[in-house]
Amino acid sequence: MSLAPSTAEATTRRRRLPLAAMLTAYLISTTCTAVSAIAIPWLVLGTTGSATRTGLVVLAEMAPYVAMQAMGGPWVERFGPRRASWLANLLAGLLLLAVPALFVAGRLGYGALVAVVCAVGALRGLADCGSAPLVPRTAALSRTPLERAAGLHASASQAGALLGAPLAAVLLTLMSAPLVLLASAGGFVVASALVGLLVPVTVGAGSDAAEPYLRRIATGVAFLARDPVLRALVVVIAATNTLSAGFLSVLLPSWVRHNELPVAAVGAVAAASGLGSLAGSLVGAWVAPRVNRWLVFAVGLLVGGSPLFASLALSDTVLPVVVAAGLCGLAGGGVNPVIGAVQYERIPADMQPRVLGAVKAFAWTGIPLGPVMVGALTDQAGVQAALAVAAAATFLLTLGPFVVPAFRLMNDRQPAPGGGPSRPR
């Protein structure tokens, strides 16, 4: 009997290869971004001894990264998501190579380092902005349900963030910071090669329309404002993101200090939440094509929100909070495939980069404000009162999908861009 795969099996594997390559590249690049986000400050702290300079170089890397993900949509449309993804990752990797090269040559000044990491951050943001629109295109090519592809894409992002910090710690223990950055640069190049070589040129081609940049931004925002489902999603996500940022940055450390617990408790709760969220995304990627979208989103958002704040308010020990964080993360992570699929279906393929950029910009609006607001409340009212207020506010916000009619339109499955199935066949 022949062990060679049948022609049908070989064709199926070829169809799935672009989606697998894109997801693998995204996982590698997000992991390398998380590694460099630790290795670069470590390098600055070790060479300058200045916490201020260390903070500034972190800002120089992450601010352009966030800005380009939110505002790079029009450029991604012109170049094409595929080209933007592989070319930006390649340039980011090559630029990052300059840091260990200059360090070895004894010419790595602080100004040069800031300039390099600023450019690398901008390029990485542009690459990730190009990655998202490739999800529905490669999913259509592989005949993968859109919810599953969106869930796997979200899971790759979460896994990269979770892997990056411990991987950076291990690498920095074994080698110097410049060598760790050399490894990160190589990872970006590998991610670039995966997309450039394994995702077909016909997937994610650029637009020839010479529409001005600001007009593209304006039409993306206008499209977002007109669509009732996307508008409702952005509002509730922006509000919950604001409170979540305050939880991680202020409330959790304040609760640990208030109860005189070891600082490791912060990491334990954060890790449990992150692992639960990753597991939720993976489970959601598998089951979301077969379930009621609105119900999964509404219940997941409700269960994944206020109980976490309430667990801190009602407990003074770590174990119950770690369990609650894992369960809340599991519930909250399960909504990611639904959110992704709804966005990809409702946004025209040629407008996805600019509209998804607008979604991200609005959804992240409250993240810088959350720690400030929650910090002021904690100082004025105390940790327990702040936790109670945050729990009540989150509970009211997460009731939105049950009372706002627009959310129920999430069940109106539409043809996925590129003609891909929205349900498994």
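This is a predicted model: local features need pLDDT of at least 70, side-chain atom pairs count only at pLDDT 80 or more; totals for chains, interfaces and linings use all residues.

Reply: Three salt bridges are found across the interface of domain 1 and domain 2. The whole structure holds six.

Begin with Glu77 and Arg354. Their side chains meet in a salt bridge, 2.8 Å from N to O. Both residues are buried. Now look at where they sit in the chain. Glu77 is in helix 3, and Arg354 is in helix 16, which spans residues 352–363. They are 277 residues apart, so this pair links distant parts of the chain. There is a further partner to find. Salt bridges that share partners join Glu77, Arg216 and Arg354 into one network.

Next, turn to Glu147. Glu147 forms a salt bridge with Arg293, and their closest N and O atoms are 2.8 Å apart. This pair also links distant parts of the chain: Glu147 lies in helix 7 and Arg293 in helix 12 (residues 293–303), 146 residues apart. Both are buried.

Arg293 has another salt bridge. Its side chain meets that of Glu345, at 2.8 Å from N to O. Glu345 belongs to helix 15, residues 336–346, and is 52 residues from Arg293. Residues under 20% relative accessible area count as buried. Arg293 is at 1%, so Arg293 is buried. Glu345 is at 6%, so Glu345 counts as buried too.

Now step back to the domains themselves. The domain assignment gives domain 1 as 17–202 and domain 2 as 212–414. The contact takes 29 residues from domain 1 and 34 residues from domain 2. The C-alpha centres of the two domains lie 24 Å apart.

How much area is buried between domain 1 and domain 2? The figure is about 2600 Å², and carbon and sulfur atoms give 66% of it. In domain 1, Glu77, Glu147 and Arg148 lose the most area to domain 2. Together they make up 27% of what that side buries.

Polar contacts cross the interface as well. There are 12 residue pairs of this kind, both residues at pLDDT 80 or more. On the domain 1 side, helix 2 (51–71), helix 3 (73–79), helix 6 (110–142) and helix 7 (146–174) each supply at least two residues. Helix 7 gives the most, with 12 residues. By class, the side of domain 1 that touches domain 2 has 18 nonpolar, six polar and five charged residues.

Definitions and conventions: Residues are numbered from 1 along each chain as its sequence is written. Side-chain values use heavy atoms; hydrogens and water are left out. Domain bounds come from an automatic or database domain assignment. Contact means heavy atoms within 4.5 Å. Buried area is the accessible area (1.4 Å probe) that two parts lose on being put together, summed over both. A salt bridge is a side-chain nitrogen of Lys or Arg within 4 Å of a carboxyl oxygen of Asp or Glu. A polar contact is a pair of N or O atoms within 3.5 Å; within protein, one must be able to donate a hydrogen and the other to accept it, and residues adjacent in sequence count only if both atoms are side-chain atoms. Helices (H or I, at least four residues) and strands (E, at least two) are DSSP runs, numbered from the N terminus. Ala, Val, Leu, Ile, Met, Phe, Trp, Tyr, Cys and Pro count as nonpolar, Asp, Glu, Lys and Arg as charged, and the others, Gly among them, as polar. Buried means under 20% relative accessible area, exposed over 50%, partly exposed in between (1.4 Å probe, protein chains only).
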